[in-house]
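Please read this briefing beside the sequence and the model, which are shown next.

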Amino acid sequence: MHQQKRQPELVEGNLPVFVFPTELIFYADDQSTHKQVLTLYNPYEFALKFKVLCTTPNKYVVVDAAGAVKPQCCVDIVVRHRDVRSCHYGVIDKFRLQVSEQSQRKALGRKEVVATLLPSAKEQQKEEEEKRIKEHLTESLFFEQSFQPENRSVSSGPSLLTVFLGVMCIAALMLPTLGDMESLVPLYLHLSVNQKLVAAYILGLITMAILRT
């Protein structure tokens with residue numbers, strides 16, 4: 001009679017963890033990128049404990065590497081690169097964020113974030129631009145050599161990625177909203193109003209893109 005109502009038992013390691021961004025890129029010639037922020041979101045109805053682990057902890061300083069996130073809130077985790085040397089260029093390091101209930105020790109979920117040190121932002125942009133130009137020239141050459149175009153115009157349909165994103169947005173809009181206690185869907189699949197607004201916005205963009213094709 002005196003026991004408090006608790007949420008359903010959560011399976012260890014299966015809880016989705018929402019972290020942004022999922023990749024950190026540091027540039028040696030730009031000191032403003034040597035300090036970056038990871039944002040950990042907690043969309044659930046219960047508080048979470050978190051802990052940040054790293055494959056190479058001697059290269060980074062993580063401010064507040066452990067702490068708690070209140071329900072439907074977020075926290076910022078500051079990551080500083082403290083060993084900017086040429087020998088580390090292109091090396092991929094990994095951060096792991098583990099979350100658990102405040103009253104439990106087992107990790108309910110985890111998310112990995114990759115980190116890379118590059119020599120220069122300008123060089124990176126130049127390489128990406130050259131890569132895009134080469135891809136464009138290759139595609140143009142392929143279409144020129146494939147076949148002669150017919151007189152009629154052929155409209156290409158939407159790509160599989162576009163269709164997939166559209167289906168995901170529709171599915172997100174059909175999920176119950178936070179606070180809907182009558183739904184049989186697990187709590188971690190309940191979305192906030194802001195998340196549904198983002199899904200609706202993306203679905204609108206996809207619809208416009210399909211109509212233009």
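**Briefing on the predicted model**

Cys169 is buried, with a relative accessible area of 7%, where buried stands for under 20% relative accessible area, exposed for over 50% and partly exposed for what lies in between, computed with a 1.4 Å probe and protein chains only. This is a predicted model, in which local features need pLDDT of at least 70 and side-chain atom pairs count only at pLDDT 80 or more, while totals for chains, interfaces and linings use all residues. Residues are numbered from 1 along each chain as its sequence is written, and side-chain values use heavy atoms, with hydrogens and water left out.

**Cysteines**

- Zero disulfides are found in a search of the whole structure, a disulfide being a pair of cysteine sulfur atoms within 2.5 Å.
- For Cys74, the closest cysteine sulfur is that of Cys73, and because the separation is 7.1 Å, the two are too far apart for a bond.
- Cys74 is partly exposed, with a relative accessible area of 43%.

**The sheet of four strands**

- Four strands form an open sheet in the order β1-β3-β7-β5, with antiparallel pairing; strands are DSSP runs (E, at least two residues), helices are DSSP runs (H or I, at least four residues), and both are numbered from the N terminus.
- The edges of this sheet are β1 (18–20) and β5 (60–63), each of which has a single partner strand, so one side of each is left without a neighbour in the sheet.
- From one strand to the next, the twist averages 25°, where axes are lines fitted to C-alpha atoms (for helices over the stretch in contact) and angles run from 0 to 180 degrees between N-to-C directions.
- Three bridges link β1 to β3 (residues 35–42) in the antiparallel sense, and two strands are said to pair if DSSP finds at least two bridges between them.
- Phe18 stands opposite Tyr41, a residue of β3.

**The sheet of five strands**

- Five strands form an open sheet with mixed pairing, in the order β2-β9-β8-β4-β6.
- Here β2 (23–27) and β6 stand at the edges with a single partner strand each, so one side of each has no neighbour in the sheet.
- The twist in this sheet averages 25° from one strand to the next.
- β4 (residues 48–54) pairs with β6 (residues 66–69) in the antiparallel sense over four bridges, and β4 is also joined by seven bridges to β8 (residues 92–101), again running antiparallel.
- Phe50 has a bridge partner in β6, namely Gly67, and a bridge partner in β8, namely Val99.
- β8 and β9 (residues 109–118) pair in the antiparallel sense over eight bridges, and the bridge partner of Leu97 in β9 is Lys111.
- In a regular strand the side chains alternate between the two faces of the sheet.

**Loop and surface**

- Pro57 lies in the loop between β4 and β5 and counts as exposed at 52% relative accessibility.
- The C-alpha atoms of Pro57 and Phe95 are separated by 9.1 Å, although these residues are 38 apart along the chain.
- Met208 belongs to helix α3 (residues 193–212) and is partly exposed, with a relative accessible area of 43%.
- Together with Val198, Tyr201, Ile202 and Leu205, Met208 forms a nonpolar patch on the surface with about 480 Å² of accessible area.

Conventions. Patches are made of residues with over 30% relative accessible area and no salt bridge: like charges are joined within 9 Å, nonpolar side chains (Val, Leu, Ile, Met, Phe, Trp, Tyr) within 5 Å. Accessible areas come from the Shrake-Rupley method with a 1.4 Å probe; for residues, only the protein chains shown count as cover. A salt bridge is a side-chain nitrogen of Lys or Arg within 4 Å of a carboxyl oxygen of Asp or Glu.
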